[in-house]
Structures are given as C-alpha cells and as structure tokens.
Amino acid sequence: MYRNLLKLRYAYQPQPTQLTPIKMTVREAINLAMDEELAHDPNVFLIGEEVGQYQGAYKVSKGLFQKYGGDRIIDTPITEAGFTGISVGAALYGLKPIVEFMTWNFAMQAIDHIINSAAKAHYMSAGDQKASIVFRGINGATAYVAAQHSQCFASWYSNVPGLIVLSPYDCDDAKSLLKAAIRNPNPVVFLENEILYSESFELSAEARDPNYIAPIGKAKVMRKGDHVTIVAFSKMVEYSLRAAEQLFREGISCEVINLRSLRPLDRDTILESVKKTGRVVCVEEGWPQSGIGAEIAALIMEGGAFKYLDAPIQRVTGVEVPTPYAFNLEAISFPKTEQIVDAVLNVLKGAR
Amino acid sequence: MKHFMRFSKISKAFKEVPSQYVYQINPIKNFEPIKQFRVIDLEGNLVAKEYNNIPKEILNQIFELMISIEEMDNLLYMSQRQGKISFYMTSFGETATTVGTTAALQPQDFIFPQYREQGSFMWRGFTIEQIVNQCIGNHLDGGKGRQMPVHYGSKDLNIVTVSSPLTTQVPQASGAGYGFRVNGENKIAATWFGEGAASEGDFHSAMNFAQTLKCQTLFLCRNNHYAISTPTDDQFRGDTIAGKAPAYGMRTLKIDGNDLLAVYNGVKYAREEIIKNKEPFFIEFITYRIGDHSTSDHSVLYRSQEEIDSWKSGNNPINRLGLFLKKQGLRQFNDDHDNQIRKDVRNRVIAALKHGSEQQSPSIQDLFTDVYDEVLPHLQEQYTELREHLTKYKDQYPINKFKGGL
C-alpha cells in the first residue's frame, strides 16, 4: 500500500478548478474544499470506508473517485484502527491524508493513533516527525441513531495538546476551514455535523476564491449585540441565531459567537464580547461535565473578564445521559432554541 | 509468586530438532481454499446421507420460521420506506445460517449477535411484536426506547443486546467463553460477525485470546459477499476468513451457509467439540446478502440485478430446504398452508405496526434511569429542571405522547 502512495508524488497533475456557485449545501462545500485541495497538492488523498466507489457514506465525497481515481480516493476494509494507523504512517512519511470516519463515534477504535501517534509525534521527536493529517467525520447528534452514534467529541479532542480541533457551521466555515486544515502541517480534528450537511448557505465571495483559507484559531461574530453573549459551535450556532432573533423582538440584543476553532480557542474574541455585555450563555450538544462550556467559564475567570460579569455564566448542554433512540426522548435530550432563550432570560434576571 | 513458579517449571532451554529445518527457500504460496461442508445440493437432493438425522418436527419448525422471517422482513423494510419506522435491516438469503445455528445450540448458550440475526432471536421465542415495538421505540419496547431499530437484546433468551460498533461483540464472546470454562459450565458463547467485520482489530485479538486462553467460544462468520458496498475482494485476500482460523491454532469448518442441514449438523458438531475439548471452534458460512445492507443502502448501485437474481433463484436457502422436505416426504403441510403462514405473519406485522404506532413514548423519567444503577443526585436535579422547562413551554412539546405525561 505504501508503494501506491509513493507513486502519488510523481504521477498527478493538478486539474483547473471551476467557477464556484453562490448557494450550496455544507456537504457540497466540504466536497469542493477536498476537490480543490486534491487538485492543488498531489500529496493529498482521501481514505476511509465507502469514500470511493460508493461516493461516501453520506455522499460527501461524491464525484471524487471518478475524478481522481482509486489511488487518491481509497476505499478501505472495515477497520478504523487499521486505516487510521496507515494514514498516520503516511503522514509521518510526508503525504497529506484526509481520513474520513463514518462517524467520530467509530473513531474511538482508532483514538490511540490520533492521540498517541499523530498528536504527540512532533513533540516527542523534537520536531523531526510532522504529521500533516486531517481527521474528519460527523460528530454529535444525527437524529434517530441513539447512543453509539450521537456522542459529541469536542471536549475530548480539544483537551489534547498537539491537535488542532475545528468545527464548522456554515458553508464558508466548512470550505475555508477544511482547506486551512488540509494545508496546515499539524494534525487536525475536523468535527462536522450530519444535519448541517443538507442545509444550504451562501458561500461568500471571499470563500469562493480557491486560494482563500480561513485563519485557524479565530471565532466569528455571527450577530452583534449588547446585552448577552451567546457562545456556540456547529449546529448550535443555528439555534443560537434563532434564539437571538426571537429575543430581539422582545428588546434583548444578543451577540452570537461561532467558535469555529475549539483548539486553539479564540480567547480574545470571547473575552472582548464578555467585557462588552457582561453576561454569557454557552451552548453545546455534548454533556456538561468537562465540556466546552466548562472551559469557557474557566477562561473568562482567568482572562481578566471576571470583574465585567454581571451574572454567573449559564451553560446549555445536552442531557447528561447516553442518547436514547425513542423520538420524543431524543427530542428533549439536546438543546434547541427554547432552552437557549430560557438561558438568556435567566442570565438577565434582575437586570431589567 | 505463581508466575515465578511457572517460569521455573517450563524449560525453554535450546534443543536441536533436525526435522525443523529445510535447506531450500520454498515459501508457502498455495492458499488452497478449505472446502464447504454440504448435505443437500441446490435442488434439495441429499448428497451426504449420514447427516439426514434432524427430527422432522424441528425441520418443519425451521422452515416455517424462515418463511415467516422473509415476510416480516419484507413488510418492515416497506414500512421504513413509508415512514413508519426510521430504519431496518433485512436478512434475506441468510436465515438458514441464523435459524439453523440457533436450533443446533442449547438455550443456555449465550449468543453475541452482530445485527442481522432476527433468525436467532425468533427461534428462541422473540416475537414479532417485540421486534416491531423495538423498531418503533415506544413504551412497550423492552429496551425502553434507548436503541436504534434492530438493536434488540434479551436477557431471558441469553442473547446479548446488539451494539453498533462492529466486532466489539467478538472479544466479548471470548471473555464469556473463558468464564464458562473456568466455571466448568455446559455453556458456550456463540458470536456472529460478517466477513467485513472480521477486518477489525478486535477480531484478531478475540481469536488469539480464545485459543490461547482456551475459551468455550464458537466463532460464527457469515460471509455474505458484501460489507455495505465493499465486495470480498476489496475486504481481504487469502482463503476467506476460515483460512485465517487455523493460523490461530483453532479448529475450523467452512459450511455452505444456504444448506440448512449442513448448518445444523456443523454447529451441533462444533458445540460438542467445544464442550468436550474446552477449546474454541471457528465456522465460516458461505452465503449471500440478497437484500440491501439496510434501508440506508441501495445495492443496485454497486452490484447487478442479474447477480442478485442468480443467487435468489439459483442458491436460495428457503427453496433448497423446501425442496429437500418435499422430496423426502418430510414437509408436514402443503403449499396452501405455507401461503397461509405467510399471510398470517403479514397480518400480524401490520397489526403490530398499527398497535405499536398508537402507543406512547417511554416516559420522561426514563430519559434519566439506568445511566447508573440508581438515579444519582445530579441527574435528579436535571430531571427536575427539565420538568420545569417542559411545564413552562407545555404547548411547544407533545407532552401527551410521553407515557405518564409530565
């Protein structure tokens, strides 16, 4: 298999990219990012189960196998530990794998390779071994798939030094962050969301440029506001924006921050916002203990914004149970607009 | 202390054994495939007479269950397309393996399924209603609505609950089999997995451990030629999965999985060997996945209809068993009766779907139970908070759909 990968260095000529359309689904944006990077750098390849001839388990890699062939879009036997290990090895050699997990839930079978090999290699080898590798897949709730397909791994991976952890929301995020991830010489964990795959967003003129890559470690203020800061990432950004709209009609102005980068966290943007509003609501799909909200609470304390707080921080998280399957139980297991509105009102209690 | 004693007793001193050496480079390159054990041919004719020893009642029960499962699978697949359940996995073409195996095991034997073993469940008594309620996830579901469709289990029937991550059940079966041996029990741990799942690392550790630690484990690989869209050629090389087992030092059988009598006899033999020798056994069934991988799959995208039809008509377990029973005069009933069985099953599934969809969801409390053995204080608090939230926004949530309401 390594012999095949060696051939890639010499065989492939980049194809010219086409004009990007303006509105597209997140799935298409990810596909476009991979397409552009596969064309741009012959060392990039995609590997995973069903990514090639089947066009991807969630059709994210549609058309890539036909375009780039089986040497660059690699279908593997069923073993996450196997193909992740192989890919980390290829990355240490100097290639640039994009490893697709059918879901981050299955990546637990390969987590030793991600953390003990990829994340720590550069440090342990005193800079000799670089692993320019992207691990991507769907993360968090997907609807009707119960406990073993619904866990959010944001806090696990964002805990590890040596990893970059990104989680896009819209098409701009998906395309420009994935391109940045692929070009970055460090190992990147890219947490996507299955429900967002089918949602359409406008791809901005900036993100349409095939040479544009997003800065890693920068959050995006999706909506400016003065009364409360809502911090979220991935699908929760959508609910936060809806909550902000609903609250705006009641005279409450919310600033919604889309984190985009979980490691490194954009502390400056968060702290600046907190100093302005004095009230914070953190939203995440994952479980509360040791979650992203817990980290944000700590960094606000430590970052000099404590004296600007007018109320304790509110966290909105998933219910602290393995995700049940029954539709109605699942529907009350994850945060939606109502819970975020409630949390904002709570954090404002006594303020009006 | 015990370890030191072991080291002093076993002598690993070097001893020259001339017969161990060869004087030319002659690598092993011939992977002669193990042949499949068969009792009846494609037309149901007996070709291994000494294995025609299964009681008539059992054969008929097996046949009737196989045709019932076919009807049930058909209906539940369609009900997913109609939006009545969210997901399903059919077992077309593979029921001789599951039903035949379970019939040959003892009721106290543990089964660790993968996900396509409705045959195993139903042979032991799991009902259509239990399956449908689990797929719907209503309050009647024994699993309290916690799991995706087809992820059922039953402590009473000694079948461990289906778990999504592939192959994790296989080392678990090695562990259970180890426990049975150490406790001297007349029990085995039988585990199912597909030829694709056998690529996972867990398969290899499980096999190695079972033979090295001597576990009463029966490994059952169902090679149905496809792992979602991945054909066997892209999954592995060498002599299928059975070819790997002797390398672990394990007794191995390859069986024609669409031949019910071969399946039954082979599994019965394997079980006896496991209990007698207190060592694991490996069986690979060669069969074919006539249906799609699941309702999320459309298999004609990666294989031809001609290929599917060739197995459906040319090597079909139900047809082969039916023909055998007729030719031997063992079939208790005629075709009309069989059609009636199919009709009854269809009606039963339809009634179960209707009844099941009218039922309420599991209660809101059940969101918090069973995380631990008791509901810990932090969960109790979260339950209280949730109830307050639901009370406040009563009109935004379908409260009456939960058993016990608020």
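Guide: What follows is a walk through the contact between the chains, then the pocket, the cavities and the salt bridges.

The model is a predicted one, so confidence limits apply to its local features, which need a pLDDT of at least 70. With that said, the contact draws 31 residues from chain A and 51 residues from chain B. The area buried between chain A and chain B comes to about 3200 Å², and carbon and sulfur atoms give 58% of that area. Within chain A, the residues that lose the most area to chain B are A:Ile78, A:Tyr325 and A:Ile332, which together account for 21% of what that side buries.

Turning to polar terms, the rule finds 16 residue pairs in polar contact across the interface of chain A and chain B, with both residues at pLDDT 80 or more. In secondary structure, α13 (327-331) and α14 of chain A each supply at least two residues of the side of chain A that touches chain B. Of the elements on that side, α14(A) gives the most, with four residues. By class, the side of chain A that touches chain B divides into 18 nonpolar, eight polar and five charged residues.

The count of salt bridges between chain A and chain B is one. In this salt bridge the side chain of A:Asp342 meets that of B:Lys392, with a distance of 3.0 Å from N to O.

The second largest pocket has a volume of about 730 Å³. Its lining is made of 26 residues, and those closest to its centre are A:Arg315, A:Val316, A:Gln339, B:Glu385 and B:Leu386. At least two lining residues each are supplied by β14 (314-316) and α14 (337-347) of chain A and by α12 (377-392) of chain B. The largest share, eight residues, comes from α12(B). Sorted by class, the lining of this pocket has 10 nonpolar, nine polar and seven charged residues.

In the largest cavity lies about 80 Å³ of space. The residues that line the largest cavity include A:Ser150, A:Gln151, A:Trp287, A:Val319, A:Thr323 and A:Phe334, and the lining as a whole divides into five nonpolar, six polar and one charged residue. The second largest cavity holds about 50 Å³, and among its lining residues are A:Asn139, A:Phe233, A:Lys235, A:Met236 and A:Glu284. By class, the lining of the second largest cavity has three nonpolar, two polar and three charged residues. A:Cys152 is one of the residues that line the largest cavity, and A:Cys152 is also listed in the lining of the second largest cavity; A:Glu285 likewise belongs to the lining of both cavities.

Over all chains, finally, the structure holds 41 salt bridges. One pair lies within chain A, where A:Asp35 forms a salt bridge with A:Lys67, the closest N and O atoms being 2.9 Å apart. This pair links distant parts of the chain, since A:Asp35 sits in helix α2 (residues 26-40) and A:Lys67 in helix α3 (residues 64-68) of chain A, 32 residues apart.

Conventions: Residues are numbered from 1 along each chain as its sequence is written. Chains are lettered from A and ligands numbered from 1 in the order in which they are written. Side-chain values use heavy atoms; hydrogens and water are left out. On a 1 Å grid over the protein atoms alone, a cavity is a set of points where a 1.4 Å probe fits but cannot get out, and a pocket is an open set with protein on both sides within 12 Å along at least five of seven lines; lining residues have an atom within 4 Å of a point. Grid points are joined across faces, edges and corners, and a volume is the space filled by probe spheres set on the points. Ala, Val, Leu, Ile, Met, Phe, Trp, Tyr, Cys and Pro count as nonpolar, Asp, Glu, Lys and Arg as charged, and the others, Gly among them, as polar. Contact means heavy atoms within 4.5 Å. Buried area is the accessible area (1.4 Å probe) that two parts lose on being put together, summed over both. A salt bridge is a side-chain nitrogen of Lys or Arg within 4 Å of a carboxyl oxygen of Asp or Glu. A polar contact is a pair of N or O atoms within 3.5 Å; within protein, one must be able to donate a hydrogen and the other to accept it, and residues adjacent in sequence count only if both atoms are side-chain atoms.
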